[in-house]
Amino acid sequence: MADRALRGMQIGAKSLETEDGIVFAERVQRRYQCENGHVFSVTMADDADAPATWECRCGAQAEYLGEAEPEDTKPAKPQRTHWDMLLERRTEEELEVLLQEQLEVLRRGELRDGVAYRR
């Protein structure tokens, strides 16, 4: 029976996907030290803000050893609204035409739940 055992990969052990064409995020090591003297590092994305404290393996709170980064280092991105994203796909004239078409369908009483009228 042991001679005929199936051989193969363990499920979940290895991925069959390749890493071709994948761009990994830049990473940095952030160093922390707890009150018991343990020094350890945590891998984070380069653009991530390092938290001031991190829990050590001993259970104590560890303090960030890096320099405090100024809050104003990155310019703040303006928040994109649904309207902004809609205007990236269509012009206001196209939206006006779509609105009028949908209002006509509504007035004719043809508007029903779960039915796509415009494809």
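**View 1. Helix α1 meets helix α2 in this predicted model.** Helix α1 covers residues 82-89, and helix α2 covers residues 92-107. Their axes come within 8 Å and cross at roughly 100 degrees. Axes are lines fitted to C-alpha atoms over the stretch in contact, with angles from 0 to 180 degrees between N-to-C directions. Angles of 65 to 115 degrees count as roughly perpendicular, so α1 is roughly perpendicular to α2. From α1, W83, L86, L87 and R89 make the contact (heavy atoms within 4.5 Å). From α2 come E92, E94 and L95. Four of these contact residues are nonpolar, three are charged and none is polar. Here Ala, Val, Leu, Ile, Met, Phe, Trp, Tyr, Cys and Pro count as nonpolar, Asp, Glu, Lys and Arg as charged, and the others, Gly among them, as polar.

**View 2. The largest nonpolar core has eight residues.** They are Y32, C34, F40, V42, M44, C56, A60 and A62. Such a core joins buried Ala, Val, Leu, Ile, Met, Phe, Trp, Tyr and Cys residues through side-chain atoms within 4.5 Å. Buried means under 20% relative accessible area, with a 1.4 Å probe and protein chains only. Strands β1 (27-34) and β2 (39-45) each give two or more residues. The largest share, three residues, comes from β2.

**View 3. M44 and its contacts.** M44 touches E26, R27, V28, R30, Y32, A50, P51 and W54, leaving aside residues up to four places away in sequence.

**Notes.** Residues are numbered from 1 along each chain as its sequence is written. In this predicted model, local features need pLDDT of at least 70, side-chain atom pairs count only at pLDDT 80 or more, totals for chains, interfaces and linings use all residues, and side-chain values use heavy atoms, without hydrogens and water.

Notes
Buried means under 20% relative accessible area, exposed over 50%, partly exposed in between (1.4 Å probe, protein chains only). Helices (H or I, at least four residues) and strands (E, at least two) are DSSP runs, numbered from the N terminus. Angles under 35 degrees count as roughly parallel, over 145 as roughly antiparallel, 65 to 115 as roughly perpendicular and the rest as oblique.
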